[in-house]
Amino acid sequence: MSTTDNPPLLAAVRAYAQGPLAQKVQTIDQDGYYPQPELQALAQLGAMSAHLDAPHGAGDFGLAIAAMAEVARVCGASGFMVWCQAVCGLYLQQSGNPALTGTMLQRHVQGLGMGGTALSNPMKSYAQIETLLLKATPVAGGYRVTGNLPWVSHLAADHYCGAIAAVVDEHGQATGREVMFMLHCDAAGVELHECPSFSGMEGTGTYALRLKEHFIGAEQIVADPARPFIARIRPAFVLLQCGIAAGVIQGAIDSMWAVEQPLGHVNQFLEDRPNALQAELDALLGRVMDLAKTPFDTSTEFFIDVLDTRAHGAELSLRAAQSALLHQGARGYLMQSDVQRRVRESHFVAIVTPAIKHLRKEMARLSAEVQPV
(Lines give C-alpha, C1' and ligand atoms only; values in the text may rest on other atoms or scores of the structure.)
Protein backbone atom coordinates (compact mmCIF):
# COMPACT_ATOMS: atom_id res chain seq x y z
CA MET A 1 0.00 0.00 0.00
CA SER A 2 3.00 2.31 0.29
CA THR A 3 2.33 4.32 -2.85
CA THR A 4 3.34 7.72 -1.49
CA ASP A 5 6.49 9.36 -0.19
CA ASN A 6 5.66 9.17 3.50
CA PRO A 7 6.38 5.63 4.71
CA PRO A 8 6.80 6.64 8.41
CA LEU A 9 3.14 7.69 8.65
CA LEU A 10 1.97 4.58 6.82
CA ALA A 11 4.20 2.34 8.93
CA ALA A 12 2.80 3.85 12.12
CA VAL A 13 -0.80 3.48 10.95
CA ARG A 14 -0.15 -0.08 9.79
CA ALA A 15 1.39 -1.05 13.14
CA TYR A 16 -1.51 0.39 15.09
CA ALA A 17 -4.13 -1.15 12.81
CA GLN A 18 -2.55 -4.59 12.93
CA GLY A 19 -1.97 -4.33 16.67
CA PRO A 20 -4.46 -2.60 19.01
CA LEU A 21 -7.20 -2.15 16.40
CA ALA A 22 -7.06 -5.77 15.23
CA GLN A 23 -7.90 -6.91 18.75
CA LYS A 24 -11.23 -5.06 18.59
CA VAL A 25 -12.39 -5.97 15.09
CA GLN A 26 -14.89 -8.65 16.09
CA THR A 27 -16.51 -6.48 18.76
CA ILE A 28 -16.76 -3.58 16.30
CA ASP A 29 -18.33 -5.74 13.59
CA GLN A 30 -20.81 -7.74 15.66
CA ASP A 31 -21.12 -6.29 19.17
CA GLY A 32 -21.60 -2.64 18.31
CA TYR A 33 -18.41 -1.40 19.95
CA TYR A 34 -17.73 2.13 18.70
CA PRO A 35 -13.92 2.36 18.70
CA GLN A 36 -13.56 6.00 19.69
CA PRO A 37 -10.24 5.55 21.58
CA GLU A 38 -8.75 3.65 18.65
CA LEU A 39 -9.96 6.23 16.13
CA GLN A 40 -8.53 9.04 18.26
CA ALA A 41 -5.18 7.23 18.35
CA LEU A 42 -5.23 6.95 14.55
CA ALA A 43 -6.09 10.65 14.29
CA GLN A 44 -3.08 11.53 16.43
CA LEU A 45 -0.90 9.51 14.04
CA GLY A 46 -2.15 11.67 11.18
CA ALA A 47 -4.24 8.98 9.51
CA MET A 48 -7.24 11.28 9.07
CA SER A 49 -5.60 14.58 8.14
CA ALA A 50 -2.86 13.86 5.59
CA HIS A 51 -5.05 15.32 2.83
CA LEU A 52 -5.56 18.64 4.58
CA ASP A 53 -3.49 21.69 3.72
CA ALA A 54 -0.74 22.83 6.06
CA PRO A 55 -0.48 23.37 8.96
CA HIS A 56 -3.03 20.64 9.60
CA GLY A 57 -1.78 18.07 7.10
CA ALA A 58 0.51 17.35 4.17
CA GLY A 59 -2.00 18.28 1.46
CA ASP A 60 -1.53 14.75 0.12
CA PHE A 61 -4.73 12.96 -0.84
CA GLY A 62 -2.77 9.92 -2.00
CA LEU A 63 -1.22 9.56 1.43
CA ALA A 64 -4.62 9.93 3.11
CA ILE A 65 -6.07 7.20 0.87
CA ALA A 66 -3.12 4.88 1.56
CA ALA A 67 -3.44 5.42 5.33
CA MET A 68 -7.18 4.72 5.17
CA ALA A 69 -6.46 1.53 3.24
CA GLU A 70 -4.10 0.32 5.98
CA VAL A 71 -6.95 0.66 8.48
CA ALA A 72 -9.60 -0.90 6.23
CA ARG A 73 -7.25 -3.80 5.47
CA VAL A 74 -7.73 -4.81 9.11
CA CYS A 75 -11.23 -3.45 9.79
CA GLY A 76 -13.52 -2.14 7.09
CA ALA A 77 -15.80 -0.42 9.62
CA SER A 78 -12.88 1.54 11.07
CA GLY A 79 -11.65 2.39 7.58
CA PHE A 80 -15.09 3.80 6.83
CA MET A 81 -15.01 5.93 10.00
CA VAL A 82 -11.54 7.20 9.09
CA TRP A 83 -13.12 8.37 5.83
CA CYS A 84 -15.98 10.05 7.75
CA GLN A 85 -13.52 11.96 9.95
CA ALA A 86 -11.30 12.80 6.99
CA VAL A 87 -14.09 14.16 4.81
CA CYS A 88 -15.55 16.15 7.71
CA GLY A 89 -12.13 17.75 8.16
CA LEU A 90 -12.25 18.62 4.47
CA TYR A 91 -15.58 20.41 4.98
CA LEU A 92 -14.17 22.39 7.89
CA GLN A 93 -11.00 23.49 6.12
CA GLN A 94 -12.62 24.27 2.77
CA SER A 95 -15.46 26.26 4.39
CA GLY A 96 -13.34 29.37 4.78
CA ASN A 97 -15.40 30.15 7.90
CA PRO A 98 -13.04 31.28 10.71
CA ALA A 99 -15.40 29.74 13.28
CA LEU A 100 -14.75 26.33 11.66
CA THR A 101 -11.16 26.65 10.41
CA GLY A 102 -9.65 27.68 13.74
CA THR A 103 -9.87 25.81 17.05
CA MET A 104 -12.58 23.45 15.83
CA LEU A 105 -10.46 22.21 12.93
CA GLN A 106 -7.39 21.89 15.15
CA ARG A 107 -9.31 19.76 17.64
CA HIS A 108 -10.75 17.71 14.80
CA VAL A 109 -7.30 16.95 13.37
CA GLN A 110 -6.09 15.83 16.80
CA GLY A 111 -9.12 13.58 17.32
CA LEU A 112 -10.29 15.68 20.27
CA GLY A 113 -13.36 16.59 18.24
CA MET A 114 -14.96 13.96 16.05
CA GLY A 115 -17.42 14.30 13.24
CA GLY A 116 -19.01 12.59 10.29
CA THR A 117 -20.91 13.43 7.16
CA ALA A 118 -24.66 13.55 6.65
CA LEU A 119 -24.36 13.99 2.90
CA SER A 120 -25.77 10.68 1.70
CA ASN A 121 -29.20 12.18 1.06
CA PRO A 122 -27.86 15.42 -0.52
CA MET A 123 -25.50 13.52 -2.83
CA LYS A 124 -28.43 11.38 -3.97
CA SER A 125 -30.48 14.54 -4.37
CA TYR A 126 -27.88 16.13 -6.65
CA ALA A 127 -27.93 12.89 -8.67
CA GLN A 128 -31.75 13.12 -8.92
CA ILE A 129 -32.26 9.93 -6.91
CA GLU A 130 -33.88 11.44 -3.80
CA THR A 131 -35.24 14.79 -2.62
CA LEU A 132 -33.58 16.73 0.18
CA LEU A 133 -34.95 15.67 3.56
CA LEU A 134 -33.86 18.69 5.61
CA LYS A 135 -35.57 22.05 5.15
CA ALA A 136 -34.09 25.36 6.31
CA THR A 137 -36.24 28.44 6.85
CA PRO A 138 -34.43 31.81 7.06
CA VAL A 139 -34.80 33.59 10.41
CA ALA A 140 -32.99 36.44 12.09
CA GLY A 141 -29.31 35.53 12.33
CA GLY A 142 -29.51 32.21 10.49
CA TYR A 143 -31.92 29.37 9.75
CA ARG A 144 -34.31 27.00 11.47
CA VAL A 145 -33.85 23.44 10.19
CA THR A 146 -36.38 20.62 10.39
CA GLY A 147 -36.38 17.08 8.98
CA ASN A 148 -35.16 13.51 9.43
CA LEU A 149 -32.08 11.71 8.10
CA PRO A 150 -32.30 7.91 8.44
CA TRP A 151 -28.61 6.87 8.34
CA VAL A 152 -25.67 8.98 9.53
CA SER A 153 -22.46 7.34 10.75
CA HIS A 154 -19.51 8.13 13.02
CA LEU A 155 -21.74 9.93 15.50
CA ALA A 156 -22.10 10.15 19.26
CA ALA A 157 -23.77 12.64 21.59
CA ASP A 158 -20.78 15.01 21.52
CA HIS A 159 -19.97 14.60 17.80
CA TYR A 160 -20.93 16.70 14.77
CA CYS A 161 -21.42 16.24 11.05
CA GLY A 162 -21.67 18.21 7.83
CA ALA A 163 -25.27 18.48 6.60
CA ILE A 164 -27.22 20.18 3.82
CA ALA A 165 -30.75 21.54 3.88
CA ALA A 166 -32.98 22.92 1.15
CA VAL A 167 -33.75 26.58 1.83
CA VAL A 168 -37.50 27.26 1.85
CA ASP A 169 -39.49 30.46 2.31
CA GLU A 170 -41.90 31.20 5.14
CA HIS A 171 -44.58 29.24 3.27
CA GLY A 172 -42.38 26.16 2.91
CA GLN A 173 -41.82 26.69 -0.80
CA ALA A 174 -38.43 25.78 -2.27
CA THR A 175 -36.15 28.67 -3.19
CA GLY A 176 -33.81 26.64 -5.39
CA ARG A 177 -30.94 27.09 -2.96
CA GLU A 178 -29.31 24.91 -0.31
CA VAL A 179 -27.24 25.69 2.77
CA MET A 180 -24.48 23.48 4.18
CA PHE A 181 -23.72 23.62 7.88
CA MET A 182 -22.00 21.84 10.74
CA LEU A 183 -24.62 20.06 12.82
CA HIS A 184 -23.80 19.41 16.50
CA CYS A 185 -25.51 16.33 17.87
CA ASP A 186 -25.91 17.80 21.38
CA ALA A 187 -27.57 21.02 20.21
CA ALA A 188 -31.16 22.02 20.91
CA GLY A 189 -33.63 20.54 18.47
CA VAL A 190 -31.37 17.60 17.51
CA GLU A 191 -32.12 13.97 18.44
CA LEU A 192 -30.14 10.77 17.80
CA HIS A 193 -32.14 7.55 17.41
CA GLU A 194 -30.83 4.00 17.22
CA CYS A 195 -31.02 2.30 13.83
CA PRO A 196 -32.08 -1.31 13.20
CA SER A 197 -29.24 -3.84 13.49
CA PHE A 198 -27.01 -4.24 10.46
CA SER A 199 -25.59 -7.52 9.18
CA GLY A 200 -22.16 -6.25 10.19
CA MET A 201 -20.11 -3.11 10.94
CA GLU A 202 -22.38 -2.50 13.93
CA GLY A 203 -19.85 -0.26 15.67
CA THR A 204 -19.91 2.58 13.16
CA GLY A 205 -21.90 4.95 15.38
CA THR A 206 -24.78 5.03 12.91
CA TYR A 207 -27.97 6.81 13.95
CA ALA A 208 -31.10 8.38 12.57
CA LEU A 209 -31.04 12.16 13.00
CA ARG A 210 -34.20 14.10 13.79
CA LEU A 211 -34.16 17.88 13.64
CA LYS A 212 -36.99 20.07 14.84
CA GLU A 213 -36.64 23.84 14.59
CA HIS A 214 -32.89 23.49 15.07
CA PHE A 215 -31.23 26.90 14.83
CA ILE A 216 -28.00 27.32 12.86
CA GLY A 217 -26.12 30.60 12.94
CA ALA A 218 -23.22 32.07 10.98
CA GLU A 219 -20.62 30.21 13.04
CA GLN A 220 -21.96 26.88 11.77
CA ILE A 221 -22.21 27.71 8.07
CA VAL A 222 -19.94 25.68 5.79
CA ALA A 223 -21.33 27.05 2.52
CA ASP A 224 -24.26 29.28 1.58
CA PRO A 225 -25.19 28.59 -1.15
CA ALA A 226 -24.06 24.96 -0.89
CA ARG A 227 -24.09 23.86 -4.52
CA PRO A 228 -20.86 25.56 -5.71
CA PHE A 229 -19.07 24.20 -2.63
CA ILE A 230 -20.27 20.65 -3.34
CA ALA A 231 -19.22 20.94 -6.97
CA ARG A 232 -15.71 21.80 -5.78
CA ILE A 233 -15.26 19.10 -3.11
CA ARG A 234 -17.36 16.31 -4.65
CA PRO A 235 -14.48 14.61 -6.53
CA ALA A 236 -12.39 14.58 -3.34
CA PHE A 237 -15.36 13.22 -1.35
CA VAL A 238 -15.72 10.25 -3.72
CA LEU A 239 -12.01 9.69 -4.34
CA LEU A 240 -11.18 9.39 -0.64
CA GLN A 241 -13.58 6.44 -0.40
CA CYS A 242 -11.22 4.43 -2.59
CA GLY A 243 -9.13 3.92 0.53
CA ILE A 244 -11.91 1.85 2.10
CA ALA A 245 -12.24 -0.33 -1.00
CA ALA A 246 -8.47 -0.78 -1.37
CA GLY A 247 -8.13 -1.93 2.22
CA VAL A 248 -10.98 -4.44 2.02
CA ILE A 249 -9.56 -5.83 -1.23
CA GLN A 250 -6.04 -6.14 0.21
CA GLY A 251 -7.39 -7.85 3.30
CA ALA A 252 -9.23 -10.36 1.12
CA ILE A 253 -6.05 -11.08 -0.83
CA ASP A 254 -4.19 -11.56 2.46
CA SER A 255 -6.78 -14.19 3.43
CA MET A 256 -6.19 -16.07 0.19
CA TRP A 257 -2.44 -16.22 0.74
CA ALA A 258 -3.05 -17.40 4.31
CA VAL A 259 -4.40 -20.74 2.98
CA GLU A 260 -2.18 -21.09 -0.07
CA GLN A 261 0.16 -23.61 1.53
CA PRO A 262 -2.51 -26.12 2.62
CA LEU A 263 -5.07 -25.47 -0.14
CA GLY A 264 -3.16 -24.12 -3.11
CA HIS A 265 -3.22 -27.47 -4.89
CA VAL A 266 -7.00 -27.21 -5.24
CA ASN A 267 -7.43 -23.42 -5.11
CA GLN A 268 -5.41 -23.16 -8.33
CA PHE A 269 -8.60 -24.11 -10.16
CA LEU A 270 -10.49 -21.04 -8.90
CA GLU A 271 -10.87 -17.81 -10.80
CA ASP A 272 -9.66 -14.52 -9.27
CA ARG A 273 -6.50 -15.94 -7.78
CA PRO A 274 -4.50 -13.70 -5.40
CA ASN A 275 -1.75 -12.85 -7.91
CA ALA A 276 -4.29 -11.69 -10.49
CA LEU A 277 -6.31 -9.72 -7.93
CA GLN A 278 -3.14 -8.08 -6.57
CA ALA A 279 -2.15 -6.98 -10.06
CA GLU A 280 -5.61 -5.52 -10.63
CA LEU A 281 -5.56 -3.76 -7.26
CA ASP A 282 -2.09 -2.33 -7.90
CA ALA A 283 -3.25 -0.98 -11.26
CA LEU A 284 -6.36 0.50 -9.65
CA LEU A 285 -4.25 2.15 -6.94
CA GLY A 286 -2.01 3.61 -9.61
CA ARG A 287 -5.05 5.19 -11.19
CA VAL A 288 -6.29 6.43 -7.80
CA MET A 289 -2.93 8.02 -7.00
CA ASP A 290 -2.87 9.84 -10.34
CA LEU A 291 -6.33 11.26 -9.68
CA ALA A 292 -5.31 12.17 -6.12
CA LYS A 293 -2.79 14.67 -7.51
CA THR A 294 -5.62 17.02 -8.57
CA PRO A 295 -8.56 16.27 -6.23
CA PHE A 296 -10.20 19.65 -6.80
CA ASP A 297 -10.36 19.41 -10.58
CA THR A 298 -13.96 20.36 -11.33
CA SER A 299 -14.05 19.25 -14.97
CA THR A 300 -16.75 16.79 -15.97
CA GLU A 301 -14.19 14.43 -17.53
CA PHE A 302 -12.21 14.29 -14.28
CA PHE A 303 -15.30 13.55 -12.20
CA ILE A 304 -16.32 10.76 -14.57
CA ASP A 305 -12.86 9.24 -14.08
CA VAL A 306 -13.26 9.50 -10.30
CA LEU A 307 -16.68 7.86 -10.42
CA ASP A 308 -15.41 5.08 -12.67
CA THR A 309 -12.44 4.43 -10.38
CA ARG A 310 -14.68 4.33 -7.31
CA ALA A 311 -17.03 1.89 -9.10
CA HIS A 312 -14.10 -0.32 -10.06
CA GLY A 313 -13.05 -0.39 -6.40
CA ALA A 314 -16.52 -1.44 -5.27
CA GLU A 315 -16.78 -4.15 -7.91
CA LEU A 316 -13.31 -5.46 -7.16
CA SER A 317 -14.17 -5.53 -3.44
CA LEU A 318 -17.10 -7.84 -4.16
CA ARG A 319 -15.02 -10.12 -6.36
CA ALA A 320 -12.07 -10.27 -3.98
CA ALA A 321 -14.17 -10.97 -0.89
CA GLN A 322 -16.12 -13.71 -2.63
CA SER A 323 -12.95 -15.26 -3.98
CA ALA A 324 -11.38 -15.19 -0.51
CA LEU A 325 -14.40 -17.10 0.81
CA LEU A 326 -14.03 -19.71 -1.93
CA HIS A 327 -10.30 -19.98 -1.28
CA GLN A 328 -10.81 -20.55 2.43
CA GLY A 329 -13.74 -22.91 2.08
CA ALA A 330 -15.61 -23.95 5.22
CA ARG A 331 -13.23 -22.09 7.54
CA GLY A 332 -14.18 -18.88 5.75
CA TYR A 333 -17.86 -19.56 6.34
CA LEU A 334 -17.51 -19.45 10.13
CA MET A 335 -19.17 -16.37 11.63
CA GLN A 336 -15.96 -15.43 13.43
CA SER A 337 -13.91 -15.63 10.22
CA ASP A 338 -12.18 -12.53 8.88
CA VAL A 339 -13.28 -13.66 5.43
CA GLN A 340 -16.95 -13.76 6.41
CA ARG A 341 -16.61 -10.25 7.81
CA ARG A 342 -14.96 -8.99 4.65
CA VAL A 343 -17.79 -10.35 2.52
CA ARG A 344 -20.15 -8.10 4.48
CA GLU A 345 -17.70 -5.21 4.36
CA SER A 346 -17.50 -5.55 0.58
CA HIS A 347 -21.28 -5.36 0.40
CA PHE A 348 -21.08 -2.10 2.33
CA VAL A 349 -18.47 -0.68 -0.07
CA ALA A 350 -20.90 -1.49 -2.89
CA ILE A 351 -23.96 0.18 -1.34
CA VAL A 352 -22.63 3.12 0.69
CA THR A 353 -23.27 6.45 -1.02
CA PRO A 354 -22.39 6.67 -3.82
CA ALA A 355 -23.49 3.06 -4.41
CA ILE A 356 -22.57 1.19 -7.59
CA LYS A 357 -25.98 1.97 -9.12
CA HIS A 358 -25.59 5.66 -8.16
CA LEU A 359 -22.11 5.74 -9.70
CA ARG A 360 -23.29 4.16 -12.93
CA LYS A 361 -26.28 6.51 -13.16
CA GLU A 362 -24.07 9.56 -12.69
CA MET A 363 -21.51 8.34 -15.22
CA ALA A 364 -24.25 7.78 -17.78
CA ARG A 365 -25.75 11.22 -17.16
CA LEU A 366 -22.44 13.07 -17.24
CA SER A 367 -21.18 11.15 -20.26
CA ALA A 368 -24.33 12.07 -22.18
CA GLU A 369 -23.76 15.73 -21.33
CA VAL A 370 -20.25 15.78 -22.75
CA GLN A 371 -21.13 13.96 -25.96
CA PRO A 372 -21.06 16.28 -29.01
CA VAL A 373 -24.47 17.08 -30.47
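**Close-up 1. Where α10 meets α13.** In this predicted model, Cys242, Ala245, Ile249, Ala252, Ser255, Met256 and Ala258 of α10 touch a set of α13 residues, among them Thr309, Arg310, Gly313, Leu316 and His327 (contact means heavy atoms within 4.5 Å; helices are DSSP runs of H or I, at least four residues, and strands are runs of E, at least two, numbered from the N terminus). The axes of α10 (residues 242-258) and α13 (residues 300-328) come within 8 Å and cross at roughly 20°. That makes the two helices roughly parallel (angles under 35 degrees; over 145 is roughly antiparallel).

**Close-up 2. α1 against α3.** Here the axes sit 10 Å apart at an angle of about 165°, which makes α1 roughly antiparallel to α3. On the α1 side you'll find Leu9, Ala12, Val13, Tyr16 and Leu21, and they meet Pro37, Glu38, Ala41, Leu42 and Leu45 in α3.

**Close-up 3. The buried side of α7.** Met104, Leu105, His108 and Val109 are buried in α7 (residues 103-110) (buried means under 20% relative accessible area, with a 1.4 Å probe and protein chains only). They share one side of α7 because they cover an arc of only 135° around the axis (taken from the directions from the helix axis to the C-beta atoms). Their packing partners include α3 (36-45), α5 (76-95) and β5 (174-184). Just past the helix, Gly111 takes a positive phi of about 80°.

**Notes.** Residues are numbered from 1 along each chain as its sequence is written, and side-chain values use heavy atoms, leaving out hydrogens and water. Local features need pLDDT of at least 70 and side-chain atom pairs count only at pLDDT 80 or more, while totals for chains, interfaces and linings use all residues.

Technical notes:
Buried < 20%, exposed > 50% of the residue type's maximum accessible area, 1.4 Å probe, protein only. Axes fitted to C-alpha atoms, helices over the stretch in contact; angles between N-to-C directions. Parallel < 35°, antiparallel > 145°, perpendicular 65-115°, else oblique.
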